[in-house]
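Dear colleague,

Please find below the structure that I am handing over to you. A summary of the findings follows it.

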Amino acid sequence: MGRKLRSTNLLSNLPQLQNLIKRDPRSYEEEFNQQLHHFEASLAIFELKPDEEAKEFGEIINFLSQVARCYPQKSARFPGQLIELLQKHYPVLNAELRKAIVQALILLRNRGVISNVTVMPLFFTLFRCRDKKLRSMLYSHIVNDVKVANKGKHRDHKLNKSLQSFMYTMVTAADAQDKHGEGAVAAKKSLDVCIELYRKNVWTDAKAVNVIVQACFSPINKIMVTAVQFFLNPMKKSEEGDEEDEDEPSANGESAGKTKKNRVNFMMIQHQSNINRKTKYRTRVLDKATRIRKREQARRDGQLPDEEDEDGIVSGGKKKGSSGPAVNFDALSLVHDPQGFAEKLFARVHRSATATKRGGSTADRFEVRLLLLKLISRLIGHHQLQLMAFYPFLQRYLQPHQVDVTQILALLANASHAFTPPDALQPLIRAVADNFVSDHCAPEVMCAGLNTIRAIAARQPLAVDTDLLNDLVMYRKHKDKGVMMAARSLLVLYRQINPEMLHRRDRGREATIGLISGAPGSTPLGFGEVRAAEGVEGAELLDLPSEDDDSMDELEYESALESDLEASEVEVDESDAEVDETSDDEEEAEVDELELVSDGSEMSEEEADGSGASEVEDAEPVVKKRVDMMRFLTSEDFARIEKLKRRQRQEGSGRQPKKSKTDDGYSDYSEAEAGSDDEQTGEVDDWAILGDYHSRRRRRKATYEERMDSIRAGREGREKFSSNKAKREKEGRSLSNREKRKTKDFRMISHKRSVVTKGKRKLSQKRRELRQHITKQKKKGF
């Protein structure tokens, strides 16, 4: 009787039975069979009315999912029954029961009872449910499961191919084009999964990227903006919410939205810490908010890379603490048809910009159109596309009062490349020069215009004519520092790429010598012409001795550097000073003298040679092999090349190199030199357009130790700081009677003769003394 009672209690107490089965499956096989038959009977009854709550049915499903792996043969049909139930009735199922079934399938998948290929299509279908918690759970499971399946060098190509094909179908489905339909929600979550897997370096192939390309053509702005933001910043984590009642996301480019920790109100936390009682918890909260604020400020100033995610992957695609860069292909390079992609995006922007209410078409917000224009410009610049209608379209926005005009100027520069016809860019450059670079404009507007023209000219030098260039170069003497630096950077750029367009007095010594001697690279390239590279640029600098080499003296290092490097340019101020002192005739004489000097040096070398002319012709010149031809260059070699290039520019211009940022917060080289190198970075942002006005070169805040060292250094060579009273006491003296009289009470000195006679003065005497006092004040005591 007791045994039968315990058996009855076990059937009703499923958690206890679950624990016992996991301990000893063979002993409780009969109880499992009873629960399995009970599930099948309940399933048949439930399918007659699938919209009821059925709490007991959910408990049986949870129990069987926990112990199914203990009886693999008997429970073989169980996962298929759950999948079939969800496929048939998922729209009408109770939310709690549907969640319990999904959790059971996830548990079976994690324990290897069912394969991911079987259950993944169902999970993507469940994205159509109007259940935010369920979609969040499915999203996390899908991302983690695919990541585990492609862990390390092993890649599950079968799973990847099937899921990517299924995502492509969901994104391009007909019901995904309806803004209020269930297909739009599923398409959005499928797109988020694809983007997250790319960000985690799991799906970095072309097929996954082209699935996101199809999402850019969606008529739903929320899906389209998410896909466009991915191409603008592939490694940035999506920050948009999953609210169904939101029609559109915040479409402010890469700066749209803030994460939870970035929304911390630092001023409120600081105020609360000042007025509330000090506790350890409030101190930790304030310290954390202060660190976040400083990190965000440093990131905005460009001193830190983009934010890391939970996996330690930063925006550059490199894992924290790893020895080498992680595999991260450029998403724009994997687009199958970039020309068609750009044309379709521009057609949408043009249609939205010209849409009217009478025409019946919907017009996108300006922020959305600006996002599309950014993506189009990057496609044009990255793939060197030809989209001639894009440039006249931008001309309407080239006004200083235009909203987000710096971003428009930046995307104009990004859309320029060496194969862009100069005729298409010249009207835009003329519009920028007329609207931005003028004396009636504000200095920051002039700086933005000059930086834009320089960025375009770095990519297509033929777009700027000679007259306009020389007019813009004249602003190098402007009183504002930002305008002056922008004009100097434009001058330095054309000294390097096409000095013939400059006046002779503006070319500088290096460019003049290069033009006279016919040095390679001194002649400008024509439209569409490309100079073939003979090797790694700057590889010959690696043959120079390093400053760290103890075997060489400092004088030997400088002589070796001067003998191997070319003559560098003279600074702009020095060239301007020479213009004021010398006339045009003297400049021509100087050029002739340079020619004679070069000819005389060649003759002196021939005369100094002991052998005859025939022996010189017969002798074979000794050609030294380049470093890049003898070995592979490492990342340290490329870093040293860049360092030597900067040193070459600094020593050639006669300037002392500035301190590094680790010393006092200054950058390694000047702003004009940084501006002349933006053609190597391949991308221009609105910060580069603003130039000196975006972030002035400030000293970083000194630490407590640095402030104390500065205070101690200021105290050296002077008396020890102390009060006058301490000094008197140290010297053993007191105040004089006159000084003591100033602090006495009036009743103690009212009977004094000086006080009594002062009160008995005549009116004329008082007036005379007042005039003397006023005269003395006017003379300031003299």
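Predicted model: local features only at pLDDT ≥ 70, side-chain atom pairs only at ≥ 80, totals over all residues.

Which residues are buried in helix α7 (residues 116-125)? They are N116, V119, M120, L122, F123 and F124. Among the elements that cover these buried residues are α5 (78-89), α6 (95-110) and α8 (132-149). Helices α9 (157-171) and α10 (182-199) are also included in that cover.

The secondary structure of the protein chain consists of 39 helices and zero strands. The chain has 782 residues, of which 39% count as buried. Of the contacts between residues at least 6 apart in sequence, 69% join residues at least 24 apart.

I turn next to the charged side chains. The count of salt bridges comes to 16. One of them joins E196 and K200, at 3.6 Å from N to O. Both partners are buried: E196 has a relative accessibility of 7%, and K200 has a relative accessible area of 11%. E196 and K200 also belong, with R199, to a network of salt bridges.

A salt bridge also links D364 and R348, at 3.3 Å from N to O. D364 lies in the loop between α15 (338-353) and α16 (366-383) while R348 is in helix α15, so this pair ties together parts that are 16 residues apart in sequence. D364 is buried at 10% relative accessibility, and R348 is buried at 11%.

In the salt bridge between R747 and D745, the closest N and O atoms are 3.0 Å apart. Here R747 counts as exposed, at 69% relative accessibility, and D745 is partly exposed, at 37%.

A patch of positive charge on the surface brings together R738, K740, R741, K742, K744 and K752. Within this group, R738 is found in helix α36 (residues 737-741) and is exposed, with a relative accessible area of 64%.

Two backbone angles also deserve mention. Most residues other than glycine have a negative phi. N201, however, has a positive phi near 60 degrees; this residue is found in the loop between α10 and α11 (206-215) and is buried, at 14% relative accessibility. D404 has a positive phi of about 55 degrees. D404 lies in the loop between α17 (390-394) and α18 (405-414) and is partly exposed, at 27% relative accessibility.

Yours sincerely

Note on methods. Residues numbered from 1 in each chain as written. Heavy atoms only, no water. Helix = DSSP H or I, 4+ residues; strand = E, 2+ residues; numbered from the N terminus. Buried < 20%, exposed > 50% of the residue type's maximum accessible area, 1.4 Å probe, protein only. Contact = heavy atoms within 4.5 Å. Patch = residues over 30% accessible without salt bridge, like charges linked within 9 Å, V, L, I, M, F, W, Y side chains within 5 Å. Areas by Shrake-Rupley, 256 points an atom, 1.4 Å probe, with all protein chains shown as cover. Salt bridge = Lys/Arg side-chain N within 4 Å of Asp/Glu carboxyl O. Lys, Arg positive; Asp, Glu negative; His and termini not counted. Charge placed at Lys NZ, Arg CZ, Asp CG, Glu CD.
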